[in-house]
Structures are given as structure tokens and as C-alpha cells.
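Here are my notes on this model. Please read them with the structure open.

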Amino acid sequence: MARISLDPPRTLLTRLAAWYSKRAYGKVIDPLLALAHNRRVLMTDSRFEMSLARWNKLDPGLKNLAELASAAAIGCSWCMDFGYWASRRHGTPHEKLQDVPRWRESDVYTPLERDVMEYAEAMTATPPTVDDELADRLRGRLGEAAFVELTAMVAVENFRSRLNAALGLSSQGFKDTCDVPVRPAG
């Protein structure tokens, strides 16, 4: 249960943000409703997220896996739910998204994807446990610009997941709208 009301004051800003959220995501997202209690925080977060959407040096599939690995390590159910939905929209296969919490045991990932998820988990640990060998391997395979973007995206997902988890935000059912349900036999 949310630790803050998801019924913020109705201002022009919150109405515009809600309209945009419904248009972009099909519903008003809970983080928006939580942040709307502080106009400056909402505005700063909105501008920041719009800027992030323009980053393009890192493959979107790798970015999605890194974000989900970080969210899983923190335990943010809202971020896992929304991240699954966003990743499916970018074309990431269901099997890869489903196995993120158990990526080490899964056989659906490439060596590069495994390195990205290991890096995301190592960055998310407190204190971070990133080692030089993993960083060098990723920088060599991705290039410096994409490596910096990967590092920044994991840091951003740490911010999102920790904020949402601390505010008590939980799954909004985004994942449920992604895949066609399996029909029972017969």
C-alpha cells in the first residue's frame, strides 16, 4: 500500500500530467500521483525522464535488461511491472523478461546480456561491487558512449526503484496487459 495519498491536489499541472500519462501509458501512473504532491519534484522528474528518453547510444534491449535487473535487486514491484510493459513495447522477448530475477540460472541470455545484468546488480549493491574486469569487458564490447549510458541508466533505475519502493508503490497491472493469455486446452 502506498505510503502517500495517490490523490494529489488537482492543479493544472497535475491534470496535464495525468492527461499525458493516460495517453502514453493507458492510465495515470502511481509515481506521477505520488510526486504531484510536490510541484517542483514532479516538474524536475518529468523533464529528466523526457531527457532520458532521447539517450540512444545503448541498445534498448540491453537498457531494458539492466533496468529490470536493478529493479529486481532492489525489489521494486512497480518498476518490475512497468519495466516489463515498457520492454515488451521495445520488442524484448517475454522469455528474457520473465527470467530477469533468475538470470544466472536461465539459458535465454547472451554473454553480453549476462554481463549487463551482472553490472546492473553490482552497481545496485550497497556499496557497489563493480569490478574492473567486468567494466573493461563491457566498455570494450559496448564502446565508451554506450558504457557511460549503461552506467547512468542503472543509476537512474536505482533512483526510480528506491523512490517508488520507499513510497510504497506497487504493481499497477501493466504486465497483465502485455501478453496474450494462454488459453486452456480444449
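This is a predicted model: local features need pLDDT of at least 70, side-chain atom pairs count only at pLDDT 80 or more; totals for chains, interfaces and linings use all residues.

1. On α3, Arg39 and Arg40 are exposed, and they sit on the face turned away from the buried side of the helix.

2. Now the buried side. Leu42, Asp45 and Leu52 are the buried residues of α3. Viewed down the helix axis, they fall within an arc of 95°, so they line one face of α3. Their packing partners are α1, α2 and α9.

3. Does the length of α3 agree or disagree with its residue count? The helix has 14 residues, and at 1.5 Å a residue these should span 20 Å. The end C-alpha atoms of α3 are 20 Å apart, which agrees.

4. Next, the largest pocket. Its volume is about 1400 Å³. The elements that each give two or more residues to its lining are α1 (12-25), α2 (30-35), α3 (39-52), α4 (60-74), α5 (77-89) and α9 (144-166).

5. Which residues lie nearest the centre of the largest pocket? They are Tyr25, Glu49, Ala53, Phe82 and Arg160, out of 44 lining residues. By class, the lining of this pocket divides into 28 nonpolar, eight polar and eight charged residues.

6. One backbone point to check. The peptide bond joining Thr126 and Pro127 is cis, with omega about -5°. Pro127 is in the loop between α7 (111-124) and α8 (132-142).

How values were computed: Residues are numbered from 1 along each chain as its sequence is written. Side-chain values use heavy atoms; hydrogens and water are left out. On a 1 Å grid over the protein atoms alone, a cavity is a set of points where a 1.4 Å probe fits but cannot get out, and a pocket is an open set with protein on both sides within 12 Å along at least five of seven lines; lining residues have an atom within 4 Å of a point. Grid points are joined across faces, edges and corners, and a volume is the space filled by probe spheres set on the points. Helices (H or I, at least four residues) and strands (E, at least two) are DSSP runs, numbered from the N terminus. Ala, Val, Leu, Ile, Met, Phe, Trp, Tyr, Cys and Pro count as nonpolar, Asp, Glu, Lys and Arg as charged, and the others, Gly among them, as polar. The expected span of a helix is 1.5 Å times one less than its number of residues. Buried means under 20% relative accessible area, exposed over 50%, partly exposed in between (1.4 Å probe, protein chains only). The arc is that of the directions from the helix axis to the C-beta atoms. Contact means heavy atoms within 4.5 Å.
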